[in-house]
Amino acid sequence: MGWVGSSIAISILHKGICQHLLLNDLNKDIAEGEAMDLNHGSSFYPSAEVKAVEISEMMDTEAIVITAGRGGKPGESRLDLLRENIEVARKISSELIGYKGILIVVSNPVDVLTYYYQKFTKIPVEKVIGTGTLLDSARLRDEIGARFNIDSKSVHANVVGEHGDSEVVLWSKANIAGLNLRSWKEWEPAMEEEIAEKVRVAAQEIIKRKGATNHAIGLVTASLLEWILRGERRVITISRVVNGPYGFQDLAISGLVLLSREGASEFLEVKMSEIELRDFNKSALIIKEVIKHVK
Ligand SMILES: NC(=O)c1ccc[n+]([C@@H]2O[C@H](COP(=O)([O-])OP(=O)(O)OC[C@H]3O[C@@H](n4cnc5c(N)ncnc54)[C@H](O)[C@@H]3O)[C@@H](O)[C@H]2O)c1
């Protein structure tokens, strides 16, 4: 229930997708304070009970979102966080053995932690979902929309790979309402690297200014939960353990994934340009290397 947890909580409440919202933090006062604060707003969102609880009291829920662990410091890469956050993952996973719901991992480095939460808890792979590049795809759509003065909801463009420095924008498929972005009248090739870089460093730029990123990931995660709980079969960019597609074996990475009530049902093997595929493979190798370093 730090920066990210509290933003996810308020976004979930506004969406009206839960009856019971259970909050937990290592620091019990924070979870209790947030529950009190959120309950005081109950006249302004669809009915829901908000309570601070122990993790053991969450075992009958439909979904758990994990935001526990430290955020990045200015200049630090997400992978630098691993040493500390893997220990948090080990501890929380040991309390989640036998959990039957959907586990959504937000804590960074999100791909590596998604992999280890699945290994540590032994929850089926489709039920352990990392928000991955869903946030990066949202940032990309916002940036493209802003350039052309078009609502980001009409922009269809995706980022795959690591939620981090090696992420890959699928420019060959990017479009505005079906019209290929590269044939859009104001489009210039130089924009691709410029926008990709802006998306890549977006978190650092925000952290430099306000110390954390929280609102966009709050909205992204609440929407992800809504789509899963409503059984919406959306195709989105999220991270999950993959074995097979693109020849990937035993790692978690973001690609285009078909969602369902069961979670991240199918990792789709969509066609990419040669360069995109090369970079996607590189990104997978980087994640895999980091996974190997965890003892
Ligand atoms: N995936 C994404 O797109 C994305 C976006 C933003 C932030 N993040 C990540 O989310 C995580 C949280 O970021 P934040 O800014 O909210 O950090 P924060 O420091 O504000 O909050 C983290 C909270 O985790 C709690 N915590 C630590 N260990 C715990 C445990 N064992 N059990 C329960 N609670 C525990 C801490 O007490 C703290 O309140 C970070 O790892 C950050 O990098 C991910």
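**Exercise 1. Find which residues of helix 5 meet helix 8, and describe the packing.**

Solution. Start with the residues. Leu134, Leu135 and Ala138 in helix 5 meet Ala216, Ile217, Val220 and Leu224 in helix 8. Two residues are in contact if their C-beta atoms, placed from the backbone, lie within 7 Å. Helices (H or I, at least four residues) and strands (E, at least two) are DSSP runs, numbered from the N terminus.

Next, sort the contact by class. It has seven nonpolar, no polar and no charged residues. Here Ala, Val, Leu, Ile, Met, Phe, Trp, Tyr, Cys and Pro count as nonpolar, Asp, Glu, Lys and Arg as charged, and the others, Gly among them, as polar.

Now the geometry. Helix 5 covers residues 134-148 and helix 8 covers residues 215-229; they pack at about 115°, with axes 10 Å apart. Axes are lines fitted to C-alpha atoms, for helices over the stretch in contact, and angles run from 0 to 180 degrees between N-to-C directions. The crossing of helix 5 over helix 8 is right-handed. A crossing is left-handed if the near helix is turned anticlockwise from the far one by less than a right angle, and right-handed if clockwise.

A note on the model: it is predicted, local features need pLDDT of at least 70, side-chain atom pairs count only at pLDDT 80 or more, and totals for chains, interfaces and linings use all residues. Residues are numbered from 1 along each chain as its sequence is written.

**Exercise 2. Helix 4 packs on helix 3 and on helix 9: what are the two angles?**

Solution. Take helix 3 first. Its angle to helix 4 is about 30°, and the axes lie 9 Å apart. That makes the two helices roughly parallel. The cut-offs: angles under 35 degrees count as roughly parallel, over 145 as roughly antiparallel, 65 to 115 as roughly perpendicular and the rest as oblique. Helix 3 passes helix 4 in a right-handed crossing. From helix 3, Leu82, Asn85, Ile86, Ala89, Arg90 and Ser93 take part; they meet Val112, Leu113, Tyr116, Tyr117, Phe120 and Thr121 in helix 4. This contact has eight nonpolar, three polar and one charged residues.

Then helix 9. Helix 4 (residues 110-121) meets helix 9 (residues 274-293) at about 55°, with axes 10 Å apart. Helix 4 and helix 9 are therefore oblique to each other. This crossing is right-handed too. Asp111, Val112 and Tyr115 in helix 4 face Ile287, Val290 and Ile291 in helix 9. By class, that gives five nonpolar, no polar and one charged residues.

**Exercise 3. Describe how domain 1 touches domain 2.**

Solution. Count the contacts: 35 residues of domain 1 touch 35 residues of domain 2. On the domain 1 side, helix 1, strand 3 (63-66), strand 4 (102-105), helix 4 and strand 5 (128-130) each supply at least two residues. Helix 1 has the largest share, eight residues. That side has 21 nonpolar, eight polar and six charged residues.

**Exercise 4. Which peptide bond is cis, and what is the phi of tyrosine 246?**

Solution. Recall the background: most residues other than glycine have a negative phi, and most peptide bonds are trans. The bond from asparagine 108 to proline 109 is cis, with omega near -5°. Proline 109 sits in the loop between strand 4 and helix 4. Tyrosine 246 has a positive phi of about 60°, although it is not a glycine. Tyrosine 246 is in the loop between strand 11 (235-243) and strand 12 (249-260).
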